[in-house]
Structures are given as C-alpha cells and as structure tokens.
Amino acid sequence: MAGTGLFAEILDGEHVYKYYADGEWKKSTSGKSVAIINPTTRKTQYKVQACSQQEVNKVMDLAKTAQKLWAKTPLWKRAELLHKAAAILKEHKAPIAECLVKEIAKPAKDSVTEVVRSGDLVSYTAEEGVRILGEGKFLVSDSFPGNERTKYCLTSKIPLGVVLAIPPFNYPVNLAVSKIAPALIAGNSIVLKPPTQGAVSALHMVHCFHLAGFPKGLINCVTGKGSEIGDFLTMHPGVNCISFTGGDTGIAISKKAGMIPLQMELGGKDACIVLEDADLDLVAANIIKGGFSYSGQRCTAVKVVLVMESVADSLVKKVKAKVAKLTVGPPEDDCDITPVVSESSANYIEGLVKDAKEKGATFCQEYKREGNLIWPLLLDNVRPDMRIAWEEPFGPVLPVLRINSVEEGIHHCNASNFGLQGCVFTKDINKAMLISDAMETGTVQINSAPARGPDHFPFQGIKDSGIGSQGITNSINMMTKVKTTVINLPTPSYTMG
C-alpha cells in the first residue's frame, strides 16, 4: 500500500507526504501543503509539502556540493547503484501503481506497466552510459590542411552539473526516470519537481533511489505550487540544465531560462494520414490504440485523422464499431476510458466539442460527460475552421478530416504549430517514404500509431513541440559536455610505417 511499510517514512502521519533533500524526508517550514485531487472521485486523495523558495535555495546548494563528489565516483559504481534502484522500483511496483491509479486515473494494468517499464529504462541507461561515457576520441592535427602531426587531442564527456527535471502528469514516473537516470549516469545531480497530479507516485519512485543508497544531496525532490516555486526553479542560477516535458509552460521556460542546455517535449497534434491502399482494419486498430488509450492523454496520441475521401466512409465505420466496444469507467476496473486528469481539462475538451457541434461536425456517438469522465467520441467531417482540427484536446475526442489528395494531408499536418510525431498508412513504401520526408514532425511512424518508445529510440519534436532530442542515448549525450585536452609535441610525430 502507498505510504505504508517500506514507504512509511515518506508520509507525515496520515496527512501530508514529505519532500526529499539531503538524503532525508522532510516537512516544509512553510507549514503549507498542496492538495492532490483524485480525478475519479473529485475529492482530495493526497497532500504534499508546499516547499518555499528558501528550501529550494538550500536544495540547490546541496545538489551542487553532492555533484562534485559524484563526478569523481567510478562509472561502474554509478551503474551499479542505478541497477539496484531499478530492481527496487520493479519490486515495489504495486504501491507506486496504486498512486498512479488514484492521482491520474491511469488504468491499473497500465500503471503497473509504467513502473516496470521505468525500471527497465533505468537498467538500460546504466548499461548504455557505461558504453558511451567509457569512450573518448583521439584526434591528430595533420588531418586538417596545413598542419603537421604536432598536436594530439583527447576528448571526453563530462557532466553539466545540476539537472532540473520536470516531468508531466500523464507519465510522472516513467518520464521522471527518463531524465533522472541519464543525468545520474553522466555524473550530474538531480532536482526533481514532479507535477502536482502525479507527485505522490514520483515521491514513491524517489524513495526507491533512496533505498538503493545514492549519496546524500545527489537526488532531491521538491513539491509545491508552480506559482510559488516554478519560475524560481527554472530561473535559478544553480541550475545547469533543464529537462522538461509538458505543455505551453515549456515555451515560457525556454524564454526565461539562462544560457543552459534545454531538453523539452511540449506536446503535439499528431496527424494520421490514411491513403486509399491502406489496410483499413490495421488503421482502425491503430486509431483506437493511438487515439483513445489512456483517454487520449498522451503527447503522442493520434489527434487528427486525415483520410482520403474514397476510403473515409469505410474507415469511419470500422473505427466507430471499435469505439462502441471501449469500456468506460474507473481506473481500478482497468477500463479503456477513465476520467481525464482534472475538471479544467474536461471543461477545455468540452469547449472543443461544442465548437465542433456549432460548426457542423458529424458526431459518430452522442457526447456524454459525467464529472471528469468523458465518453469516447469520434467526430467526422471536421473542417479546418474548427478548433478541434488544430488544438490538442488531451482527451478521448478524435477528429476526422476528409482529404482529396496526399498534398492536402501533408499541408494540414505542416500548417500546425506542433511537430512531434505523425503516421502514414499505405502499402506503398515509396509513397510512405516520400510522405515521411515531407511531414514536418520529429518522428513519422509508417503503418503504426505514434509512440514514444522503445525508450532508447530518439524522440524529439520540432516547432512548438520541443527542443533537443530525448531517448536514452541522446539524453546521456545532452546531459554532458565535451572536454578536450591537447598535447603539444615539440616535433611532428608519426607512427611506424
């Protein structure tokens, strides 16, 4: 159970979860807390500490000091501790999954999967880090015109310092460790600011790292209101790198942050382009998986279907039949469609639906909502003048736009201010590659729905969808900088020939 047994020390009595700093679980001196609302019951489920700016300052100092010592820790030892944390995380998947169910209404089965996947990610990162960081380069000067072999250049990767990690509510464990593990193997320290919805899941995850025996001050987790410590954290002079996953807030962060590396994934409007020769059964299955899993609350969810007019009726009929089979209800029952994360999110989704109705979209199902629970809805004959054609609902509502040419589909995809992922369905690999090259997105999936994983694949967005590239290897490289040492020789040196 969450907050009991092995996790009892992270809870202050029966009320408020503590924050983590200097290897200890602490109560904030502010005396304040932040409520976490269960999306299903719409009642307070948990409370977390409302950390102050003074506490953030202290955490930054601790992280900076701990990082200096951690950078001197042998690479094999860093990897060993990460493997240990991964094992503890997977061993205690049940209480962490319980938090995910109650905080973000993620179906129980998917919640367990997230924790196990996170453990696998940490282990893979440990192994990959040993390979990447254990290698350097040896360059010689006479490869450049006009130079003799009088200089030897040795290059290596060194840590950036303190990494600020800010994951989103929809994957508060997985997208936290996707930042924490690469930072740690590279020799950095971590300050984690979890989302409010998902904070208790993240605190349980951090406790698994605590139990693994990492040095004090190396990993820190502060909770609180974004209005009080959000900008203070992202603009803090002690931060040497920011890894953020979320929405429009990331754009504001990128404008305010200093001259430090940024890794950002800010959402998308992932387009699914369907050609006449596509396997429509395959398309329908992937639209259901891509558009409605976790109630559409995924950055890489299919968010707009662009289907050729000649096959649109057939595809909509197949998708409609599959939507009718989706189960709707509480996450504890492993329903396909569960409540969206908050009332404000549900209200926003409803606003998009009302706009589509007023402008004449075809409703394939009756719109139905109870509290935060919105029944799955397929909207056909959506036009570009409707908000749902462009805005990201982050809910179980999927628009279908009928197109008369491939060029029309590509144009709609590229006219979006987002550019995370997209997908194209066709049996013609030549067409698929041409369309893929034309789509202005970080990734294009051919004959499959968009997806972030496997976690070692590069994952990036362009335009308003992000900065930099994620994926285990890319994250390790991004959280290091190149250091060079040049040996100057008195005379040219050549190997025996």
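A salt bridge is a side-chain nitrogen of Lys or Arg within 4 Å of a carboxyl oxygen of Asp or Glu. The model is predicted, so local features need pLDDT of at least 70 and side-chain atom pairs count only at pLDDT 80 or more, while totals for chains, interfaces and linings use all residues. Residues are numbered from 1 along each chain as its sequence is written, and side-chain values use heavy atoms, without hydrogens and water.

**Salt bridges**

- The whole structure contains 21 salt bridges, and E309, D313, D380 and R402 are linked in a network of them.
- E98 pairs with K102 at 3.3 Å, N to O; the two are separated by about one helical turn because they lie four residues apart in helix 3 (residues 93-104).
- R117 bridges to D455, with the closest N and O atoms 2.8 Å apart.
- Because R117 belongs to helix 4 (residues 108-133) and D455 to the loop between strand 22 (443-446) and strand 23 (459-460), this pair ties together parts 338 residues apart in sequence.
- Helices (H or I, at least four residues) and strands (E, at least two) are DSSP runs, numbered from the N terminus.

**Burial**

- Buried denotes under 20% relative accessible area, exposed over 50%, and partly exposed in between (1.4 Å probe, protein chains only).
- D455 is buried at 14%, whereas R117 is partly exposed at 26%.
- E98 is buried at 17%, whereas K102 is partly exposed at 23%.

**Residue G290**

- G290 is found in helix 9 (residues 280-292) and is buried, at 1% relative accessibility.
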